[in-house]
Amino acid sequence: MMEELLDILEELHDDVDFETCTTLIDDKILDSFDIVTIVAEVNNEFDVIIPAAELTPENFNSAKALYALIERLEDE
Amino acid sequence: MQTNVLDYLEHTVKRVPDKVAYANESDELTFRQVHDYARAIGTAVAHQGLMREPVVVYMQKHPKAIAAFFGVVYSGNFYVPIDEEMPKYRVELIFETLQPKYIIVDEVTIKHIETLDYQGEVRLFDDLIDTKIDENILAERYDSQLDIDPLYIVFTSGSTGIPKGVVACHRSVIDYIENLSQVLQVSEDTIFGNQAPLYFDACLKELYPTIKYGATAYLIPKQHFMFPIKLIEFLNEKKINTICWVASALSLVSGFRTFDTVIPQYLKTVAFGSEVFPIKQYKEWKRVLPDARFINLYGPTEATGMSCYYEVNKEFTLDEVIPIGKPFHNTGILLLKEDNTEAKGDEIGEICIRGTAVTLGYYHNPEKTAEAFVQNPLNTAYPETIYRTGDLAKYDDEGNLIFVSRKDHQIKHMGHRIELGEIELNINMIEGVTHACCIYDQASEKIVNYYVGDVAPRNIKKALKEKLPRYMIPNVVRQLEEMPMTPNGKIDRKALAASYKENRRK
């Protein structure tokens, strides 16, 4: 499941180590196009809708944070 | 008659000197500061002995960069804004065309310049503004400028791999700003929320009406366009009432159901352009802002900015497109068919623009200029230059222009104008690649690259990131055994597009 998320991210930037990077937003690795794509792909793969209120720099700064968000939304 | 854009600033600074002209999240410049900084910079550049030369403004997006633009104009030269995030390779390409003798930098971008092989003058904005203003030299420079002299150059993607520098003069910008301001109904009470980068002509919409009317323009931090709630909160905090954004920025906000959480409280004018604004997203905006005016803008960089507008004043069904409407006052549109006669009825033709807003052409590029800036074929009596946009359109029943498609492989991606040919050319230059083709999948808004060659896909993206701006990097890279070909021996783009669509659905 984390693998699926990493696949989504690596499709966007295959030169980034998403398992360790914790500054995806701070270092401007992700841009607005990436965010749109991630939200759409997460919706497809995990059947989870990320609401606007959860679109925060903190939730997108690392794959781990993003995965935690997905898990939290899956539980709701 | 006004012949210089600086007249706007000169009049406004007398009227509202202490009002904020340009601001971002944390910093602001009043009209007096803009005026003082610009004249100090103008004095410094003029004393360098430059006249009617390109002066590069290589700065981060900040109110100071705008003051630097006007500074260059006071010096009798023209400004060339450069994207601070642009890869070194592309900056060097642009400098080859420009041969700039003077560059204005900030404390961050000065480090980028140091990595280039550049011999000319490099000066920090913060140092330049300490120059003692020399009213005599500024008056001299003002008097010797004509309204046909260049005001700026902005660079746009070129299919041959070399970016094209569009040169616009004072008169074109004055014509554009006067007519655009009428349509947007700009006044001293206008508070703009700028989205467009300062290195594109799209930012003229906020920069110049602000000095004409004594309005205020906020430069919205780029990051806010990733987090729509923050974006709308910023609009509300700054009481922004007018926005001119690329449609994809508006769609981002409505698509994420941001309005369930926060609604813009002050917005009265919402202009959008550069690409198609889906009706579904438009309806969402209209629902939360029933009293706002919604205006679709259309126009190429080569005609100074926007050439046509359409104020949405009726209901649209989801399968319709919002028209690009009718030309601004003092701009003319010819819809020319292949045989150079005018399209009639619902015939499709190429949008060709005539008027003062047509720019001077491409800097140091007579060949490309001659291809697009041509004699009006309907006029054989005297010289009259029109600009051929390459955009195909037709008229609807009410005489509004409707965009149909492109004649060539130019695309609009997230509001950016991109020649797929320029990306392909750069992929073909990568060692090991034998064939490359890029298509644009409109449905998913992705640039898709197919290539043949002994290179891993990740190395394609890596190599491109050193050459092209980020928005031109393909979103999807696919390696093929062989390239599908048409019977004529050309790469079969339609087959690639169809195969991408097919695989996406799986």
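Which residues are buried in helix α4 (residues 88–98) of chain B? In this predicted model, they are B:R90, B:V91, B:I94 and B:T97. Seen down the axis of α4(B), these buried residues fall within an arc of 120 degrees, so they line one face of the helix.

**Helix α4 of chain B**

- The exposed residues B:Y89 and B:E96 sit on the face of α4(B) that is turned away from its buried side.
- The cover over the buried residues of α4(B) includes two strands of chain B, β7 (150–156) and β8 (164–169).
- After α4(B) comes B:Q99, which has a positive phi, near 50 degrees.

**Strand β10 of chain B**

- Strand β10 of chain B spans residues 216–219.
- From this strand, B:T216 and B:Y218 point one way, while B:A217 and B:L219 point the other way.
- All of these residues, on either side of the strand, are buried.

**Partners of strand β10**

- Strand β1 (residues 20–23) of chain B pairs with β10(B) in the parallel sense, over 2 bridges.
- Strand β9 (residues 191–194) of chain B also pairs with β10(B) in the parallel sense, over 4 bridges.
- B:A217 in β10(B) has B:Y22 standing opposite it, and B:F192 likewise stands opposite B:A217.

**The β-α-β unit**

- A right-handed β-α-β unit is made by β9(B), helix α9 (residues 204–213) of chain B and β10(B).

Notes: Residues are numbered from 1 along each chain as its sequence is written. Chains are lettered from A and ligands numbered from 1 in the order in which they are written. This is a predicted model: local features need pLDDT of at least 70, side-chain atom pairs count only at pLDDT 80 or more; totals for chains, interfaces and linings use all residues. A residue is buried if 20 or more other C-beta atoms lie within 10 Å of its own, exposed if 12 or fewer, and partly exposed in between; C-beta atoms are placed from the backbone. The arc is that of the directions from the helix axis to the C-beta atoms. Two residues are in contact if their C-beta atoms, placed from the backbone, lie within 7 Å. Two strands pair if DSSP finds at least two bridges between them. A crossover is right-handed if, with the strands pointing away from the viewer, the path from the first strand over the helix to the second runs clockwise.
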